[in-house]
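Please open the structure in your viewer and keep the selection tool at hand. The tour below moves from one selection to the next and says what is to be found at each stop.

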Amino acid sequence: MTEKMLHPRPGRSISPLFPSERGIFFTTSKNLRHLWPNFNKMSVDFLPRTCHNVGYIRHGLNHNVQLRRSISVMNESFTVEKRTSGRSPARRAETQTALQWLNTPEHRHIKLLFYWPLFGLIFLLLERFRPGQVYYAVHCRLDDLIPFCQWALIPYLFWFVFLIGALAYTFFRDVPAFRKMMYFVIVTYTIALLMYILFPTCQYLRPASFVRDNVLTRITAWFYRFDTNTDVCPSLHVIGSMAAMFALWDCKRFQGRGWKLAYALMALSISLSTVFMKQHSVVDIGAAAAVSAVGWFFSYGRGVRVFEPELIPVKE
């Protein structure tokens with residue numbers, strides 16, 4: 001079957017590649033079936049090199065729409081295959097298998113760990129990249145009555161061991177407790193970030209010099225240079241201590257009164273060290289306690305249903 005081209009009226013120039021509103025492309029079904037299997041093997045200049053297969057007619061708008069859709073589908077198919085051609089089938093299968101494994105009920109709690117780098121990035125931007133920001137100084141009369149204590153550095157630095165240790169233990173040994181701890185962290189740390197953005201705070205409680213010169217005061221001086229005195233209310237040290245304490249209280253292995261009392265004393269000593277190290281005001285501790293109460297409701301109270309209606313039991 002040969003294709004015939006219906007030419008336009010004399011004096012009217014119409015390009016076969018760019019038809020007028022009355023003209024359309026037309027390709028026979030025989031040629032389309034011939035082009036479709038080999039289309040993905042062709043180069044991008046498919047249309048310019050196959051213009052001899054295209055005929056021009058002046059009526060049949062539906063055929064024009066169908067042809068345009070066919071060409072669009074073939075272009076999309078070529079683009080998708082070009083993007084995925086660099087990936088081997090084995091690699092695509094491994095990626096799909098890893099995603100399926102991560103979405104299983106037994107392993108989906110791992111995705112909660114992605115909150116930590118997100119929080120760290122936002123907090124770093126708030127701490128280091130806000131030049132000219134106006135901060136509100138946090139201070140109360142009780143802060144003037146609290147002296148600087150060099151020994152407060154020990155429980156203050158122990159906060160990192162307490163928080164990371166609770167996070168690691170619950171992650172490997174008690175997954176339900178890990179989920180609740182991360183719910184607490186997500187709620188409280190997000191509220192803290194919003195407060196840092198909407199109401200930026202700072203403190204001027206640090207001593208200008210130290211009476212004694214020893215290892216503790218030198219480490220404290222270095223810590224002052226490393227850690228800024230901005231974004232202090234609420235105190236993340238207090239919130240993190242509460243997160244670790246509640247998580248360990250929730251663990252099946254530490255249900256005894258002795259364990260709970262020990263973890264409560266750890267959280268209390270860390271919270272008090274923030275004011276004796278002159279890193280925070282008493283106001284910061286009060287604000288952190290209020291934020292922790294909200295976090296407890298959404299992680300250990302009735303608000304936990306917001307995250308997960310029913311915690312899935314994990315086989316031991």
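Is aspartate 231 buried or exposed? In this predicted model, aspartate 231 has a relative accessibility of 4%, and it therefore counts as buried. Select arginine 130 together with aspartate 231, and you will see a salt bridge in which the closest N and O atoms are 3.0 Å apart. Aspartate 231 sits in the loop between α9 and α10, while arginine 130 belongs to the loop between α5 and β3, so the pair ties together parts that are 101 residues apart in sequence. Arginine 130, at 17% relative accessibility, counts as buried.

Stay in the loop between α9 and α10, and select serine 235. Its relative accessibility is 0%, so serine 235 counts as buried. The side chain of serine 235 makes a polar contact of 3.3 Å with the side chain of histidine 280. Leaving aside residues up to four places away in sequence, serine 235 touches Thr274, His280, Asp284 and Ala288.

Next, select two further salt bridges, which bring the number in the structure to three. In one, the side chains of aspartate 250 and lysine 180 meet at 3.9 Å, N to O; aspartate 250 lies in helix α10 and lysine 180 in helix α8, so this pair ties together parts that are 70 residues apart in sequence. Aspartate 250 counts as partly exposed at 25% relative accessibility, whereas lysine 180 counts as buried at 18%. In the other, the side chains of aspartate 213 and arginine 218 meet at 3.1 Å, N to O. Here aspartate 213 counts as exposed, at 58% relative accessibility, and arginine 218 is exposed too, with a relative accessible area of 55%.

Centre the view on tryptophan 159, where α7 has a kink of about 25 degrees. The buried residues of α7 include Leu153, Trp159, Leu163 and Phe171, and among the helices that cover the buried residues are α5, α8 and α11.

Within helix α7, pick phenylalanine 158 and phenylalanine 162, which are four residues apart, about one turn of the helix. A search of the whole structure finds 25 aromatic pairs, and phenylalanine 158 and phenylalanine 162 form a stacked one, 6.2 Å centre to centre with 15 degrees between the planes. Phenylalanine 158 is partly exposed, with a relative accessible area of 32%, whereas phenylalanine 162 counts as buried at 4% relative accessibility.

How values were computed:
Residues are numbered from 1 along each chain as its sequence is written. This is a predicted model: local features need pLDDT of at least 70, side-chain atom pairs count only at pLDDT 80 or more; totals for chains, interfaces and linings use all residues. Side-chain values use heavy atoms; hydrogens and water are left out. The bend at a residue is the angle between axes fitted to the seven residues ending there and the seven starting there. Helices (H or I, at least four residues) and strands (E, at least two) are DSSP runs, numbered from the N terminus. Buried means under 20% relative accessible area, exposed over 50%, partly exposed in between (1.4 Å probe, protein chains only). Contact means heavy atoms within 4.5 Å. A polar contact is a pair of N or O atoms within 3.5 Å; within protein, one must be able to donate a hydrogen and the other to accept it, and residues adjacent in sequence count only if both atoms are side-chain atoms. Rings of Phe, Tyr and Trp (its six-membered ring) pair if their centres lie within 6.5 Å; planes under 30 degrees apart count as stacked, over 60 as edge-to-face and the rest as tilted. A salt bridge is a side-chain nitrogen of Lys or Arg within 4 Å of a carboxyl oxygen of Asp or Glu.
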